[in-house]
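Trainee: Could we go through this structure in questions and answers, with the cut-offs stated as we go?

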Amino acid sequence: MKHLYEYINEIMDIAEVNQVEPQNAKDMFLANIRNAGDPTLPHYRGAGDVDYAALAEDLPRLTNEGAALAQAVFDHYKALVELRGAGRYAEAVELMRGAVEAESNGLCDDDE
């Protein structure tokens, strides 16, 4: 089971390559999943070697996680950019994981 925050680096790469804001890049990433396998539909560049077709079964959950990720990026943008700039990509994912979990507090709490 994948989570959208696990792809924050790919989403930020899409934002950079396509010169869009991260929230738009998040939507572009999700569109790449929706459009996987259909060459007649848009496929946004920048995310490297993501197997979008393999993520198709997770698309509803990934889409539902979108608002929390967008808020997490907004709240922690400076730290996220600094981590990525320093090549600390795994830490960027962990930053977003913690922020998304805090943002989603109670919405996807598996402990209850």
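Predicted model: local features only at pLDDT ≥ 70, side-chain atom pairs only at ≥ 80, totals over all residues.

Mentor: Residues are numbered from 1 along each chain as its sequence is written, and side-chain values use heavy atoms, with hydrogens and water left out.

Trainee: What is the mean pLDDT of the protein?

Mentor: pLDDT is the predictor's confidence in each residue, from 0 to 100. Of the residues, 94% reach 70 or more. The mean pLDDT is 92.

Trainee: How much space lies in the largest cavity?

Mentor: A cavity is a set of points, on a 1 Å grid over the protein atoms alone, where a 1.4 Å probe fits but cannot get out. Grid points are joined across faces, edges and corners, and the volume is the space filled by probe spheres set on the points. The structure holds one cavity of 30 Å³ or more. The space in the largest cavity is about 40 Å³.

Trainee: Which elements give two or more residues to the lining of the largest cavity?

Mentor: Lining residues have an atom within 4 Å of a point, and here they are Ile8, Ile11, Pro22, Gln23, Lys26, Leu69, Ala70 and Val73. Helices are DSSP runs of H or I with at least four residues, numbered from the N terminus. The elements asked for are helix H1 (8-18), helix H2 (22-34) and helix H4 (66-75).

Trainee: How many residues of each class are in the lining of the largest cavity?

Mentor: Ala, Val, Leu, Ile, Met, Phe, Trp, Tyr, Cys and Pro count as nonpolar, Asp, Glu, Lys and Arg as charged, and the others, Gly among them, as polar. By that scheme the lining has six nonpolar, one polar and one charged residues.

Trainee: What arc do the buried residues of H4 cover around the axis?

Mentor: Buried means under 20% relative accessible area, exposed over 50%, and partly exposed in between, with a 1.4 Å probe and protein chains only. In H4 the buried residues are Gly66, Ala68, Leu69, Ala72 and Val73. They lie on the same side of H4 because the arc, taken from the directions from the helix axis to the C-beta atoms, is only 160°.

Trainee: Which residues are exposed on the other side of H4?

Mentor: The buried residues of H4 pack against H1, H2, helix H3 (59-64), helix H5 (77-85) and helix H6 (89-103). On the other side of H4, the exposed residues are Ala67 and Phe74.

Trainee: Which elements do the buried residues of H5 pack against?

Mentor: Leu80, Leu83 and Arg84 are buried in H5. Their arc around the axis is only 95°, which puts them on the same side of H5, while Lys78 and Gly85 are exposed on the other side. The buried residues of H5 pack against H1, H4 and H6.

Trainee: Is Met96 buried or exposed?

Mentor: Met96 is found in helix H6. Leaving aside neighbours within four places in sequence, Met96 is in contact with Tyr5, Ile8, Leu69, Ala72, Val73, His76 and Leu80. The C-alpha atoms of Met96 and Leu80, 16 residues apart along the chain, are separated by 8.1 Å. With a relative accessible area of 0%, Met96 is buried.

Trainee: What is the phi of Gln19?

Mentor: Most residues other than glycine have a negative phi. Gln19 sits in the loop between H1 and H2, and its relative accessibility of 74% makes it exposed. Its phi is positive, near 55°.

Trainee: Which residues does Ala47 touch, not counting those up to four places away in sequence?

Mentor: Ala47 lies in the loop between H2 and H3. Its relative accessible area is 7%, so Ala47 is buried. The C-alpha atoms of Ala47 and Phe29 are separated by 8.0 Å. The residues that Ala47 touches are Glu10, Ile14 and Tyr52.

Conventions
1 Å grid on protein atoms, 1.4 Å probe; cavity = no way out; pocket = protein on both sides within 12 Å on 5 of 7 lines; lining within 4 Å. Contact = heavy atoms within 4.5 Å.
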